[in-house]
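Hi everyone, thanks for coming. I'd like to walk you through a few local features of one model, so please have the structure open as we go.

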Amino acid sequence: MKSAAVLGTTAAASATGLLTAPAAHAASPPGDVVGKITVGYQGWFACIGDGAPINSWWHWSQNASQPPSPTNTTLVSWPDPRELTRTYPTAYANLGNGQPAALFSSWDQQTVDTHFRWMRDHGCDTAALQRFNPFGAEGPTRDGMTQKVRQSAEAYGRKFYIMYDVTDWTAMQSQIKEDWTTKMRAHTASAAYARQNGKPVVCIWGFGFSDPGRPFAPAPCKDVVDWFKAQGCYVIGGVPTHWRNGVEDSRPGFQDVYRAFDMISPWMVGRISDIAGADRFLRDLNGPDLADCAARGVDYQPCVIPGDLQSGHRRHGDLMWRQFYNLVGLGVQGFYISMFDEFNEGNQIAKTAETAAQIPAGSGIRALDEDGTPCSSDYYLRLTADGGRMLKGQLALTAIRPTVPYPSGPQPTGDLALRRPVTASGQTQNYAAANAVDGDPATYWESVNNAFPQWIQVDLGVDRSVARLVLTLPPATAWATRTQTLTILGSTNGTDFTTLSPATGRTFDPSTGNTTTITLTPPPTTRHIRVHVTANTGWPAAQLSGLSVYGP
């Protein structure tokens, strides 16, 4: 684990790796991108017969006139289409479970609706719709996809904005203005269109990259940024990794372009492949980038990637969680998740095949369990949700990944709260909340004194069926008998709580082990357990040495 100093906070780590996040750094107040989780949304998959104007296996096949197969493919990860009502058969062999190997089309509204429902259910606030050069054969399909994304965003309470990718767009300087004026600007009338600082958001990705696909000089790029700002837009720059120093993947001479953006979002896909790389990225790039932006009054939106699944980079979520932990510790205000549906690069968080049973036989495509750890198809959506909760202060800063890779199956036995992430309303001296779940009966949590009510809350990682709680105080006879008035609350999202057990005086008696058991009948299903304390006859504070949770 990186030291607190490297993470930009002086908070000390507890036994569970919990930290208090530092003050946030942002030039702008929270809006639809600052303080939010943004996901990159390609929406660029089509199939012959789906009704899309492009009428091809768009982005599924190298030869888009033919269905994808092991020798004619552009995908490296296989989606989980079980919630989609319409799919299209491919030329791959059947899946390992014997079912036909079929893929989805982004052109189907139900596909986009499903994706935006997943975003809603997993805390993805805003979708950045990728828009490549629309002045060609792809144009009508991309126009149609914008309308479909708008409809889904409106239906599911998400925000969206246009993210122009200027790759191979030779007439970009004039055509991007024409496209915005004649087509895309109309979508800003939607209540779902993202706004920051009261302005419609536009992102331009690709200025300054040192590769043949983006050969633009600084002057036309600066002209485009200035033009969009003159149209009243809040402009994000999707810039090279090494934008700040103008080296490696960045062309020199672009500093005036980069400084013109309202927000900087440096690229990082392919830049890291393990936790050590994430830590180096934090030290060498994220930290200095944030400091540079803060000094200039520019917002900063770092990328977070799940990792290339086909290359074995994900470490069943540990790589992604390390980035969340590092960046929240640094004090960033917002993430750009790259990407939601990028099955071509293997960096998607959308639902993905879990095992070889859901992969075309003999294809060599890896499933989510590629490293031997079973992961549910929605795992990286759930992981993103928890990373977003940590960003927003709903989950304490923790290096310990709270998200369980595969939540279904038999109910775990033993203490479900043991060494789980825990938060509290406050503490006295070094009597931290983590002491209540460390398994040591001699250590304990004590709240702020003379300030009832107080609470302590544990995150079980996923929804669990909870039958009973066992609460303890240190067993030493020096602890006199006392009664604490406790209410037990539960929540599936960490925000909206319901009462599982009403306020009751619970007696802790050293002669019987200083233990009280609270039985919940019938056992509720919940993820977050909160013990709310309003009185203590033995001391003017809430106290617990053990907070244990058990299933049926």
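Let me start with a term: when I say buried, I mean a residue with under 20% relative accessible area. And please keep in mind that this is a predicted model.

With that in hand, which residues of helix α3 are buried? In α3, which spans residues 172-182, they are Met 172, Gln 175, Ile 176, Lys 177, Asp 179 and Trp 180. An α-helix has 3.6 residues a turn, so residues three or four places apart point the same way. And what do the buried residues of α3 pack against? Their partners are the strands β5 (126-131), β6 (159-165) and β8 (199-205), together with helix α4 (218-230).

Next, a serine. Ser 491 sits in strand β19, residues 482-491. Its relative accessibility is 2%, and since the cut-off for buried is under 20%, Ser 491 counts as buried. A polar atom of the Ser 491 side chain lies 2.8 Å from the backbone nitrogen of Gly 494. Leaving aside residues up to four places away in sequence, Ser 491 touches Asp 496, Phe 497, Thr 526, Arg 527 and His 528.

Now to a sheet. Three strands make an open sheet, ordered β21-β18-β24, with antiparallel pairing. At the edges are β21 (515-519) and β24 (546-550), each of which pairs on one side only. From one strand to the next, the twist averages 15°. If you zoom in on β18 (residues 468-472), you'll find five bridges to β24, in the antiparallel sense. One to click on is Thr 472, whose bridge partner in β24 is Gly 546.

Finally, some backbone geometry. Most residues other than glycine have a negative phi, and most peptide bonds are trans. So where are the cis peptide bonds I'd like to show you? One runs from Ser 338 to Met 339, with omega near 5°, and Met 339 is in the loop between β13 (335-337) and α8 (379-391). Another runs from Thr 521 to Pro 522, with omega near -10°; Pro 522 is in the loop between β21 and β22 (525-536).

Two asparagines are worth a look too. Asn 197, in the loop between β7 (195-196) and β8, has a positive phi near 55°. Asn 514, in the loop between β20 (498-508) and β21, also has a positive phi, about 55°. Are they buried or exposed? Asn 197 is partly exposed, at 41% relative accessible area, whereas Asn 514 is buried, at 0%.

That's my tour, and I'm happy to go back to any of these spots.

Terms used: Residues are numbered from 1 along each chain as its sequence is written. This is a predicted model: local features need pLDDT of at least 70, side-chain atom pairs count only at pLDDT 80 or more; totals for chains, interfaces and linings use all residues. Side-chain values use heavy atoms; hydrogens and water are left out. Buried means under 20% relative accessible area, exposed over 50%, partly exposed in between (1.4 Å probe, protein chains only). Helices (H or I, at least four residues) and strands (E, at least two) are DSSP runs, numbered from the N terminus. Contact means heavy atoms within 4.5 Å. A polar contact is a pair of N or O atoms within 3.5 Å; within protein, one must be able to donate a hydrogen and the other to accept it, and residues adjacent in sequence count only if both atoms are side-chain atoms. Two strands pair if DSSP finds at least two bridges between them. Axes are lines fitted to C-alpha atoms, for helices over the stretch in contact, and angles run from 0 to 180 degrees between N-to-C directions.
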